[in-house]
Number of protein chains: 2
Amino acid sequence: MKTVTSTRAMQRSAEELRRAGKRIALVPTMGYLHEGHQSLIRAARARADVVIVSVFVNPLQFGPGEDYSTYPRDMARDEKLAASAGADIVFAPPPDEMYRKGHRASVLVEGLSDVLEGRSRPGHFRGVATVVAKLFNITKPHVAVFGQKDAQQAAIVRRLVEDLDFDLELIVAPTVREGDGLAMSSRNVYLSVDERAQAAVLSRSLRLAEERIRAGERDLEAIRTEMSALIAAEPAARIDYISIADPATLQDLTALEPGEMVLVSLAVRIGRTRLIDNTTVKA
Amino acid sequence: MKTVTSTRAMQRSAEELRRAGKRIALVPTMGYLHEGHQSLIRAARARADVVIVSVFVNPLQFGPGEDYSTYPRDMARDEKLAASAGADIVFAPPPDEMYRKGHRASVLVEGLSDVLEGRSRPGHFRGVATVVAKLFNITKPHVAVFGQKDAQQAAIVRRLVEDLDFDLELIVAPTVREGDGLAMSSRNVYLSVDERAQAAVLSRSLRLAEERIRAGERDLEAIRTEMSALIAAEPAARIDYISIADPATLQDLTALEPGEMVLVSLAVRIGRTRLIDNTTVKA
């Protein structure tokens, strides 16, 4: 496995690989890899000749006061974990290679970017869509693999690919969880031992929602109230949002049609750490 | 020469051409081709194995009350003119192929899009940048040829290519003019015989600015005043703007440094037809 840091060198390699008839898969990450990322890399490995894992903490998707500077980074460890999951190339550009002097262009996916995470993090998805478009143009993938953990990001990237005609197949791979259900996340390292135990309430509340919806509950407000009560029982937990929405438009639902797929998602602060999780369930 | 209307078919062809080692050039147009477009097609022909001319009147770049519905269209004539200038493929998608149901993504080049043409035509360059990004992804060019006639568009596309890492060479080809200096434009057909004669004042005023700047005039307001007076002498002419600006940032200059390149550009209504023109000159 090799590591590439120059955007031009990465683009030249990608072009040569395509010319040689190789199928390229891209797994975009912000690094500090865990088993969740490794599952994405393995999904990519199964679908391509060459697997590129990008490791880039994208300044454009962090707001003021967010954790850009403190976001965990460990390149040597990332290289090992990427290689062991089957990556061929780690693409890890420095920020000033990605955003050169005079940078002005950005990509916007309207309607999907200002709800849920976007409401709490203005500008976040514009940063995400912009860096994803750049990564697509630099690494020229036939397949790109994203995680369902970031459900809104996946919905936005889906529209980006469709609307701007990126010629690639988008794979959204399932969330990987710890034994107690906590979704794997690089931000889990921020949790104290006590907070770590309480953090399992996110996935417990999602399982509660799944059970209620599958059992035929149609009162969405009642489901949200039950989830809130469960989460509120953890002393370190503060709910940012709980949403029951259409998985494609991300608009909150007011009623459930039997057979319809719904996206239940939430963001909860456990102490000072903001965690997200979601599930899709058939009504 | 063949005509392709399906975006998917065009993308498949482009991918096959690239795989076969062919060098692709794209000339994006809104059709109703004239000698100006043909010069772009010839510039493309000299630089590539396969020349694709897109013909698409892009609804996204027209504002309410602008001439989207009346913009001149003549596909049979465009095919002939494209072929005679050396095009291999005319790509002419219907609007609902380019903007499918649920379209939400767009590309923004901030700072360059809200001045000059953008001030008079809000949203115009967002529409331009979005369709150009789509055309790049559909036709996969190694070279893209734009006209200097649309100087602001060229500056914006240059940033788009650089900032979103499109892997292509951008060529900006000189404006082609009628005998009296009028820049060729599909919109010239809107002019009456009398207006057509008066329309030559745009390029005359640019030549005046060139002479003054080359002669060492440093009072930009004086140059604009002289240009205005020249234009105002034509009874059908109404000035929209006259700008003396930095060619890359498009910001109006307040002073000239000797040796600096400056962009002199203007928009003038001749009767009901809005025309633009520009020149770059060394101070």
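A residue counts as buried here if 20 or more other C-beta atoms lie within 10 Å of its own. Keep that cut-off in mind on this tour. The model is a predicted one.

**Stop 1: helix H6 of chain A**

Select residues 124-139 of chain A, which form helix H6. Now check its length. At 1.5 Å a residue, the 16 residues of H6(A) should span 22 Å. The end C-alpha atoms are 22 Å apart, so the helix agrees with that expectation. Step just past the helix to A:Lys140, where phi is positive, at about 50 degrees.

**Stop 2**

Jump to B:Lys140. This residue sits in the loop between helix H6 (124-139) and strand S6 (143-147) of chain B. Phi of B:Lys140 is near 50 degrees, a positive value in a residue other than glycine. B:Lys140 counts as buried because it has 22 C-beta neighbours inside 10 Å.

Go on to B:Asp165, in the loop between helix H7 (151-163) and strand S7 (169-173) of chain B. Its phi is positive too, near 60 degrees, and again the residue is not glycine. B:Asp165 has 20 C-beta neighbours inside 10 Å, so it counts as buried.

**Stop 2: where the chains meet**

Show both chains. Here 24 residues of chain A are in contact with 24 residues of chain B. Which elements give two or more residues to chain A's side? They are helix H1 (7-19), strand S5 (105-109), helix H6 (124-139) and helix H7 (151-163) of chain A. S5(A) gives the largest share, five residues. Colour this side of chain A by class: ten residues are nonpolar, six polar and eight charged.

Zoom in on the two S5 strands. S5(A) pairs with strand S5 (residues 105-109) of chain B in the antiparallel sense, over five bridges. Select A:Ser106 and look across to B:Leu108 in S5(B), which stands opposite.

**Stop 3: the axis**

Now compare the two copies. The same surface serves both copies, as 100% of the contact residues of chain A recur in chain B.

**Stop 4: the core**

In soluble globular proteins, nonpolar side chains tend to be buried together. The largest nonpolar core in this model has 162 residues. Which members touch the most others? Select A:Val51, A:Ala129 and A:Leu160, then B:Val51, B:Ala129 and B:Leu160.

Stay on B:Val51. Beyond its neighbours within four places in sequence, B:Val51 is in contact with B:Ala25, B:Val27, B:Ile41, B:Ala44, B:Arg45, B:Gly86, B:Ala87 and B:Asp88.

**Stop 5: out to strand S8**

Finish at B:Ile239, in strand S8 (residues 237-245) of chain B. Is this residue buried, exposed or in between? B:Ile239 is partly exposed, because 16 other C-beta atoms lie within 10 Å. Leaving aside neighbours within four places in sequence, B:Ile239 is in contact with B:Ser228, B:Ile231 and B:Val268. For a last distance, select B:Ala133 as well. The C-alpha atoms of B:Ile239 and B:Ala133 are separated by 32 Å, and the two residues lie 106 residues apart along the chain.

Technical notes
Residues are numbered from 1 along each chain as its sequence is written. Chains are lettered from A and ligands numbered from 1 in the order in which they are written. This is a predicted model: local features need pLDDT of at least 70, side-chain atom pairs count only at pLDDT 80 or more; totals for chains, interfaces and linings use all residues. Two residues are in contact if their C-beta atoms, placed from the backbone, lie within 7 Å. Helices (H or I, at least four residues) and strands (E, at least two) are DSSP runs, numbered from the N terminus. Ala, Val, Leu, Ile, Met, Phe, Trp, Tyr, Cys and Pro count as nonpolar, Asp, Glu, Lys and Arg as charged, and the others, Gly among them, as polar. Two strands pair if DSSP finds at least two bridges between them. The expected span of a helix is 1.5 Å times one less than its number of residues. A nonpolar core is a set of buried Ala, Val, Leu, Ile, Met, Phe, Trp, Tyr and Cys residues joined through C-beta atoms within 7 Å. A residue is buried if 20 or more other C-beta atoms lie within 10 Å of its own, exposed if 12 or fewer, and partly exposed in between; C-beta atoms are placed from the backbone.
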